[in-house]
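Subject: Structure for your study

Dear colleague,

Please find below the structure that I am handing over to you.

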Amino acid sequence: MKHTRAANQRIPRWAYLLFIILAAFVSYRILQHRAAEIKTAQPPARPVTVAKAITKDVPLYLDEIGTCAAYETVLVQAQVSGVIITRNFQDGSDVKKGDLLFTIDPRPYQAALDQAKAQAALDQLNLKRQEDLQARKVISRQDYDTAVANAQKSQAATESAQVNLDWCYIKSPINGRVGLRNVDVGNLVGPSTPPLVSILGLDPIYTDFTVAENDLPLVRKYLGGPNVKVQTYLADGSIAPRTGDLYFIDNAVQPGSGTVKARGVTPNPDRALWPSEFVRVRFILDTLKNATLVPAEAVQVSQSGPFVFVVKPDNTVDLRPVKPGQRQEGDLTVVESGVKPDETVVVTGQLALAPGAKVAPQPYPAPSPGNSKQSANSKSAM
């Protein structure tokens with residue numbers, strides 16, 4: 001008993017205090033080391049570009065290849081025989097309805113008209129005398145009827161001669177552009193000769209295209225609706241798209257090609273579109289109101305189908321299956337389901353991502369209209 005007390009008296013109290021301090025320090029260092037290990041084990045935030053889903057009215061459409069055709073085509077033909085004495089246009093120039101194109105020597109027809117007028121005047125005087133005699137019952141009814149018939153016949157001959165004289169001055173029947181003339185001044189022409197020149201009406205102009213048989217159910221669904229339009233543009237983008245109306249759609253499928261012919265009427269005030277020129281056609285069927293759109297690059301495809309990564313408020317990502325629709329102007333894609341408006345989606349950098357991954361979002365630079373990647377041949381409908 002005395003020995004135990006002596007041993008306790010040999011360990012001072014400060015030694016216990018020092019032991020406690022050392023133990024606490026060692027425990028702190030161990031916890032700090034473990035925290036550093038945990039922090040080191042967490043992967044760094046992945047850099048990605050992001051954009052917000054937007055809402056916008058967009059068209060539901062089919063993209064086709066087409067050609068233009070003249071709205072009106074006139075082959076100018078001589079109606080009377082004679083020698084051409086003047087040509088009043090330049091090949092390839094624009095003309096208006098009523099502009100003088102050719103003049104056929106009018107002198108024979110002017111002479112025939114003068115003769116017909118003289119005969120008509122003589123027959124009118126004879127008719128007047130016959131009327132006076134008829135009133136006095138001096139002549140028979142047959143003589144009077146003959147005088148009336150002669151006056152009418154000479155009047156008709158005068159009108160016919162006037163028509164022939166008018167046909168000597170060949171005028172444009174439409175507004176359009178003349179082609180290359182087939183005759184020159186000095187040529188003898190007539191009703192049996194080839195056309196003198198052709199005139200094409202270019203404003204408006206027809207846009208001819210075809211619709212695939214597989215797209216007919218969709219077309220029939222919207223045909224006759226107020227939003228059906230035909231948009232025409234050139235493949236090189238040299239002119240802005242021009243929107244016209246659907247003029248005609250055929251009532252039968254072509255057996256060989258499995259397509260249906262269609263035609264639109266397109267404004268062409270600057271004559272930028274020419275007949276037989278190949279064009280791109282966007283057949284607009286309807287307008288989708290308040291459609292949700294995201295950049296086209298945001299939609300990825302896996303074995304389970306299309307999906308996007310949605311960035312949550314804590315900068316982690318969530319994988320969402322989506323139902324994509326058609327691509328639109330500005331390199332955007334319609335998303336029918338899976339994304340809500342104003343949600344933020346990952347546009348680039350998806351390769352290294354997984355659900356729950358931390359990201360460092362950066363704004364996605366919107367492409368300029370000139371560099372927009374449009375799917376010109378996309379015919380998929382929603």
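Two strands are said to pair if DSSP finds at least two bridges between them. Please keep in mind that this is a predicted model.

Strand 1 and its partners

By that criterion, strand 1 pairs with strand 20 (residues 359–363) in the parallel sense, over 5 bridges. Within this pairing, Val 48 stands opposite Pro 361 of strand 20. Strand 1 is also joined to strand 19 (residues 344–348), here by 4 bridges, and these two strands run antiparallel. Val 50 has Val 346 in strand 19 as its bridge partner.

Strand 9 and its partners

Strand 9 (residues 197–212) runs antiparallel to strand 2 (residues 54–76), and 10 bridges join the two. One example is Glu 72, whose bridge partner in strand 9 is Gly 201. Strand 12 (residues 259–266) pairs with strand 9 over 8 bridges, in the antiparallel sense; in this pairing Thr 207 stands opposite Gly 264 of strand 12. Strand 7 (residues 176–178) pairs with strand 9 as well, again in the antiparallel sense, over 2 bridges. There, Val 178 stands opposite Ile 199 of strand 9.

Thr 103, for instance, has Tyr 169 in strand 6 as its bridge partner.

Two helices in contact

The axes of helix 3 (residues 107–135) and helix 4 (residues 141–166) come within 8 Å and cross at roughly 160°. Because angles over 145 degrees count as roughly antiparallel, helix 3 is described as roughly antiparallel to helix 4. The crossing in which helix 3 passes helix 4 is left-handed. The residues of this contact divide into 13 nonpolar, 12 polar and 5 charged.

The second largest pocket

About 150 Å³ of space lies in the second largest pocket. Its lining consists of 12 residues, and those nearest its centre are Ala 51, Ile 54, Pro 295, Leu 332 and Ala 366. Two elements give two or more residues to this lining, namely strand 1 (46–52) and strand 13 (278–295). Which of the elements gives the most? Strand 13 does, with 3 residues. By class, the lining has 9 nonpolar, 1 polar and 2 charged residues.

Two details of the backbone

Most residues other than glycine have a negative phi, and most peptide bonds are trans. Two places in this model deserve a look with that in mind. The peptide bond from Asp 203 to Pro 204 is cis, with omega near 0°. Pro 204 lies in strand 9, the strand that is joined to strand 2 by 10 bridges. Ser 276 is not a glycine, yet it has a positive phi of about 70°. Where is Ser 276 found? Its place is the loop between strand 12 and strand 13.

Yours sincerely,

A colleague

Conventions:
Residues are numbered from 1 along each chain as its sequence is written. This is a predicted model: local features need pLDDT of at least 70, side-chain atom pairs count only at pLDDT 80 or more; totals for chains, interfaces and linings use all residues. Side-chain values use heavy atoms; hydrogens and water are left out. On a 1 Å grid over the protein atoms alone, a cavity is a set of points where a 1.4 Å probe fits but cannot get out, and a pocket is an open set with protein on both sides within 12 Å along at least five of seven lines; lining residues have an atom within 4 Å of a point. Grid points are joined across faces, edges and corners, and a volume is the space filled by probe spheres set on the points. Ala, Val, Leu, Ile, Met, Phe, Trp, Tyr, Cys and Pro count as nonpolar, Asp, Glu, Lys and Arg as charged, and the others, Gly among them, as polar. Axes are lines fitted to C-alpha atoms, for helices over the stretch in contact, and angles run from 0 to 180 degrees between N-to-C directions. Angles under 35 degrees count as roughly parallel, over 145 as roughly antiparallel, 65 to 115 as roughly perpendicular and the rest as oblique. A crossing is left-handed if the near helix is turned anticlockwise from the far one by less than a right angle, and right-handed if clockwise.
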